[in-house]
Amino acid sequence: YYEVPTPDEIEIDKLVIIERKLNRLESILEKDDFQKLINRANGKIIAGRSSENIINNAVLFSAENTEIMSCYTSELFELAERNNYIGQWGDYGPSFLNSYVIKYPEHIMVEKQNSFYAINPGQTSYFYDSKYRSMCLDILEDSLCTHLWNECLRMAAIPTNMMPPNSVANL
């Protein structure tokens, strides 16, 4: 279990906190592809499937629709408050997002799996083992970006608190 900080502890408006995290995606994607994705989303929150049945929130973005983002953050903080700001891994991430999509399907544009999650958790060695470099590049060819599955990297004793080696950075 972990404790989620209360808005008072954070001392910043809750919408600003989440928007900062969501907007980090913009620096990852190439501008042209990113702009096309934003245009297709038409103000909706952009998320992607990490499997056939799961929408993941490791890559999550909202361009400008403050009404939708306000709804999303309000629902998220209401959940946190109901749980006394305590939760298990995923409660405020994928589990919340998948419930939110059911309740507000018109708020989310869900991308296919290979857009953000082409490399699945069982393939994380593709990121750091040079013998998989070619295969990794082939898998990622149609991806906009990819989630690095930090929890799997930690299980493989790969440090996640530093920049990746050039072999990954040059993908």
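Select Leu37 to begin. In this predicted model, Leu37 counts as buried, because its relative accessibility is 1% and the cut-off for burial is under 20%. The residue belongs to helix H4, which covers residues 31-41. Leu37 and Glu111 stand 74 residues apart in sequence, yet the distance between their C-alpha atoms is 9.3 Å.

Next, turn to the largest nonpolar core, which has 20 residues. To find it, select Ile45, Tyr72, Leu97, Tyr100 and Ile108, the members with the most contacts inside this core. Then colour the elements that each give two or more residues to the core: strand S2 (45-49), strand S3 (55-62), helix H5 (66-82) and helix H6 (94-103). Of these, H5 supplies the largest share, namely eight residues.

Keep Tyr100 selected. Which residues does Tyr100 touch, leaving aside its neighbours within four places in sequence? The contacts are Ile68, Cys71, Tyr72, Glu75, His107 and Ile108. Tyr100 is buried, with a relative accessible area of 2%. Tyr72, one of its contacts, is buried as well, at 3%.

The next stop concerns aromatic rings. In general, a pair of aromatic rings is described by the distance of the centres and the angle of the planes. The whole structure holds seven aromatic pairs. Display the rings of Tyr72 and Tyr100: their centres are 5.0 Å apart and their planes meet at 75°, so this pair is edge-to-face. Planes over 60 degrees apart fall in that class. Because Tyr72 lies in helix H5 and Tyr100 in helix H6, the pair ties together parts that are 28 residues apart in sequence.

Now select Tyr117 and Trp149. Are these two residues buried or exposed? Both Tyr117 and Trp149 are buried. Their rings form a tilted aromatic pair, with 5.7 Å from centre to centre and 50° between the planes. Tyr117 sits in the loop between helix H7 (113-116) and helix H8 (125-128), while Trp149 sits in the loop between helix H9 (133-140) and helix H10 (150-155); the pair therefore ties together parts that are 32 residues apart in sequence.

Technical notes:
Residues numbered from 1 in each chain as written. Predicted model: local features only at pLDDT ≥ 70, side-chain atom pairs only at ≥ 80, totals over all residues. Heavy atoms only, no water. Core = buried A, V, L, I, M, F, W, Y, C linked by side-chain atoms within 4.5 Å. Buried < 20%, exposed > 50% of the residue type's maximum accessible area, 1.4 Å probe, protein only. Helix = DSSP H or I, 4+ residues; strand = E, 2+ residues; numbered from the N terminus. Contact = heavy atoms within 4.5 Å. Phe/Tyr/Trp six-rings, centres within 6.5 Å; stacked < 30°, edge-to-face > 60°.
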